Amino acid sequence: MITALRGVIGKAMTPLARALLRIGVSPDAVTIIGTIGTIAAALWLLPTGHLFVGALVIGAFALSDALDGTMARLSGRSGPWGAFLDSTLDRLADGAIFTAIGVYFLVQQEGNIAIVGASLAAACVVFGFTVSYARARAEGLGFQAAVGIAERSERLVISLVVTGFVGIGLPVSVLVVVLGIIAVASLITVGQRMAAVRSQAKAADADTP
């Protein structure tokens with residue numbers, strides 16, 4: 001669903017993408033600016049307790065992920081470098097967002113909820129990175145691992161939406177539960193990708209004379 005929505009957003013951004021290309025802005029520049037904005041907003045706004053504004057600003061910068069892709073397609077610049085840059089900077093943005101949520105718990109909350117919330121945010125960072133690594137490593141070996149219940153877009157959208165609502169009155173315990181669900185779903189996704197690659201590897205071995 002979120003992947004399909006991203007496609008709709010990309011089409012809606014086509015006029016802006018064309019305008020930016022006309023004035024000489026490159027897709028890479030949009031990728032870099034979007035990542036810097038996401039990291040700055042996350043590390044500044046979330047730890048200081050500005051959860052609702054932070055979620056909105058981060059979400060706005062996150063739209064650059066669809067914008068740069070649209071610009072690349074329109075300009076004919078889609079290629080390995082753009083994909084590499086986008087994927088690498090996505091990892092930085094993801095790490096900043098969940099780290100900032102963890103710092104929020106440590107700075108703005110007290111007691112067990114602070115410890116549990118920060119720990120689950122850290123787990124989301126570790127397992128989320130492993131999800132991405134598993135796919136990249138699989139593709140580097142010639143396999144496919146684009147499977148799993150917790151893709152990057154789902155993890156980010158759910159965490160940011162809940163974080164924003166906590167900023168306007170939703171109990172912080174809800175965010176703790178959601179972080180736990182994301183962490184578990186990410187770990188399951190790692191297992192799904194490992195199983196997919198193992199199956200492909202066994203099939204490849206069986207076909208080898």
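Trainee: What should I know before I start reading?

Mentor: Residues are numbered from 1 along each chain as its sequence is written, and side-chain values use heavy atoms, with hydrogens and water left out. Because the model is predicted, local features need pLDDT of at least 70 and side-chain atom pairs count only at pLDDT 80 or more, while totals for chains, interfaces and linings use all residues.

Trainee: Which residues does UniProt list for "binding site"?

Mentor: The unreviewed UniProt entry lists Asp28, Ala29, Val30, Thr31, Gly69 and Arg73. UniProt positions are in the numbering used here, feature names are shortened, and annotations may be inferred rather than shown by experiment.

Trainee: Where is Asp28 found, and is Thr31 buried or exposed?

Mentor: Helices are DSSP runs of H or I with at least four residues, strands are runs of E with at least two, and both are numbered from the N terminus. Asp28 is found in helix α3, residues 27-45, and Thr31 is found in helix α3 too. For accessibility, buried means under 20% relative accessible area, exposed means over 50%, and partly exposed lies in between, with a 1.4 Å probe and protein chains only. Thr31 counts as buried because its relative accessibility is 7%, whereas Asp28, at 27%, counts as partly exposed.

Trainee: Which residues does Thr31 touch?

Mentor: A contact means heavy atoms within 4.5 Å. Not counting residues up to four places away in sequence, Thr31 touches Asp68, Leu85, Asp86 and Leu89, and by the same exclusion Asp28 touches Trp81, Gly82 and Leu85.

Trainee: At what angle do α3 and α5 pack?

Mentor: Axes are lines fitted to C-alpha atoms, for helices over the stretch in contact, and angles run from 0 to 180 degrees between N-to-C directions. Angles under 35 degrees count as roughly parallel, over 145 as roughly antiparallel, 65 to 115 as roughly perpendicular and the rest as oblique. The axes of α3 and α5 are 8 Å apart, at an angle of about 175°, and the two helices are therefore roughly antiparallel to each other. Pro27, Val30, Thr31 and Gly34 of α3 make the contact with Ser64, Leu67, Asp68, Met71, Ala72 and Ser75 of α5.

Trainee: How many of the residues in that contact are nonpolar?

Mentor: Ala, Val, Leu, Ile, Met, Phe, Trp, Tyr, Cys and Pro count as nonpolar, Asp, Glu, Lys and Arg as charged, and the others, Gly among them, as polar. The contact of α3 with α5 divides into five nonpolar residues, four polar and one charged.

Trainee: How many aromatic pairs are there?

Mentor: A pair of aromatic rings is described by the distance of the centres and the angle of the planes. Rings of Phe, Tyr and Trp (its six-membered ring) pair if their centres lie within 6.5 Å, and planes under 30 degrees apart count as stacked, over 60 as edge-to-face and the rest as tilted. By this rule there are two aromatic pairs. Trp81 and Phe84 form a tilted pair, 5.9 Å centre to centre with 35° between the planes. These two residues are separated by about one helical turn, because they lie three residues apart in helix α6, residues 80-108. The rings of Tyr104 and Phe105 have centres 5.4 Å apart and planes at 70°, so this pair is edge-to-face. Both Tyr104 and Phe105 are buried, whereas Phe84 is exposed, with a relative accessible area of 52%.
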